[in-house]
Amino acid sequence: MTEDNNKLLAEVNGKKIYTSDVYQLMNSIEDRERFNSEEGIKILADEMINQEILLKDAYDEGLDQDEEFVKELDLVKTNMLKNYAMHKIFEEVNINDDEIKKYYEENKETINPPILYEASHILVKDLETAEKVRGEIEKGLSFEDAAKKYSIDPSKENGGSLGKFPKGVMVKEFQEGLDAIEVGEISAPVKSQFGYHLIKLTNKENVETPKFEEIKSQVGQRLIMAKRQEAYLEKLGKIKKDVEVKKYY
């Protein structure tokens, strides 16, 4: 919209309402298209006038001083200030093409995992149970039935199946256990933060990964997010020493 087309539509006690104000209101409405006409503009302008009248009355009635309103306003202000403080940290973060390329080379396997696994697992609380379950499987109990009987992971309902997943998405210990076996094999008990896993590798295939230029934008997004997180933590490291924090969890 040009400045010439930004017409003054109304005034309420000196408060000017322009065409641009009406279009701004229109853009916030889900079914905005039904107001995109001369008649629709008038309807929205009338509503903006009504809102200004209501606002004047609210001030006249002292609603801006109501305890409930003041608390709500303070909460909104606090949340906006948190977001603005975060924005100020993030706006200092910039990246260039060389950084994107370097980040890609250093993180190639996690950005474009070259291997796709298909596996199942049984998760139990302790090593003794894990060894007992593995013994039962060796004696003929199917892995799927053992998962349904003993696993404490939700995947038990599917016989322990985790479906297909790329390299790097599982916790480090699970990934190492996965890489220690061949297709068709079942791992020795693998300890992780969740308990003890028995892992069955069903399939493993190499995946053709896209070239850098094809995913440069995606890599850039990932790098900027990583750098923002780094800047955020760096800022916290500088300022938290001056704040008393007590944790009860």
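Modeller: This is a predicted model.

Biologist: Why is the pairing of lysine 56 with aspartate 60 called a salt bridge?

Modeller: The term calls for a side-chain nitrogen of Lys or Arg within 4 Å of a carboxyl oxygen of Asp or Glu. Between lysine 56 and aspartate 60 the N to O distance is 2.6 Å, and the pair therefore qualifies. Both residues belong to helix 2 (residues 38-60), where they are four residues apart, about one turn of the helix. A search of the whole structure finds 18 salt bridges.

Biologist: How do you know how helix 1 is oriented relative to helix 2?

Modeller: Helix 1 (residues 19-27) packs on helix 2 at an angle of about 95°, the axes being 10 Å apart. Angles of 65 to 115 degrees count as roughly perpendicular, so helix 1 is roughly perpendicular to helix 2. In this packing, Asp21, Val22, Tyr23, Leu25 and Met26 of helix 1 meet Ile41, Leu44, Ala45 and Met48 of helix 2. By class, that contact comprises eight nonpolar, no polar and one charged residues.

Biologist: What makes the packing of helix 4 with helix 9 roughly perpendicular?

Modeller: The angle between helix 4 (residues 97-106) and helix 9 is about 90°, with the axes 9 Å apart. This value falls within 65 to 115 degrees, and helix 4 is therefore roughly perpendicular to helix 9. The residues of helix 4 that take part are Asp97, Glu99, Ile100, Tyr103 and Tyr104, which meet Lys216, Val219, Gly220, Arg222, Leu223, Ala226 and Lys227 of helix 9. Six nonpolar, one polar and five charged residues make up this contact.

Biologist: Why is helix 3 described as roughly perpendicular to helix 9?

Modeller: The axes of helix 3 (residues 67-90) and helix 9 (residues 216-239) come within 9 Å and cross at roughly 115°. The range for roughly perpendicular is 65 to 115 degrees, so the term applies to helix 3 and helix 9. Helix 3 contributes Met86, Ile89 and Phe90 to the contact, and helix 9 contributes Arg228, Ala231, Tyr232 and Lys235. Five of these residues are nonpolar, none is polar and two are charged. The crossing of helix 3 past helix 9 is right-handed.

Biologist: Where are the domains placed?

Modeller: Domain 1 covers 1-61 and domain 2 covers 114-206. Their centres, taken over C-alpha atoms, are separated by 62 Å.

Conventions
Residues are numbered from 1 along each chain as its sequence is written. This is a predicted model: local features need pLDDT of at least 70, side-chain atom pairs count only at pLDDT 80 or more; totals for chains, interfaces and linings use all residues. Side-chain values use heavy atoms; hydrogens and water are left out. Axes are lines fitted to C-alpha atoms, for helices over the stretch in contact, and angles run from 0 to 180 degrees between N-to-C directions. Helices (H or I, at least four residues) and strands (E, at least two) are DSSP runs, numbered from the N terminus. Angles under 35 degrees count as roughly parallel, over 145 as roughly antiparallel, 65 to 115 as roughly perpendicular and the rest as oblique. A crossing is left-handed if the near helix is turned anticlockwise from the far one by less than a right angle, and right-handed if clockwise. Contact means heavy atoms within 4.5 Å. Ala, Val, Leu, Ile, Met, Phe, Trp, Tyr, Cys and Pro count as nonpolar, Asp, Glu, Lys and Arg as charged, and the others, Gly among them, as polar. Domain bounds come from an automatic or database domain assignment.
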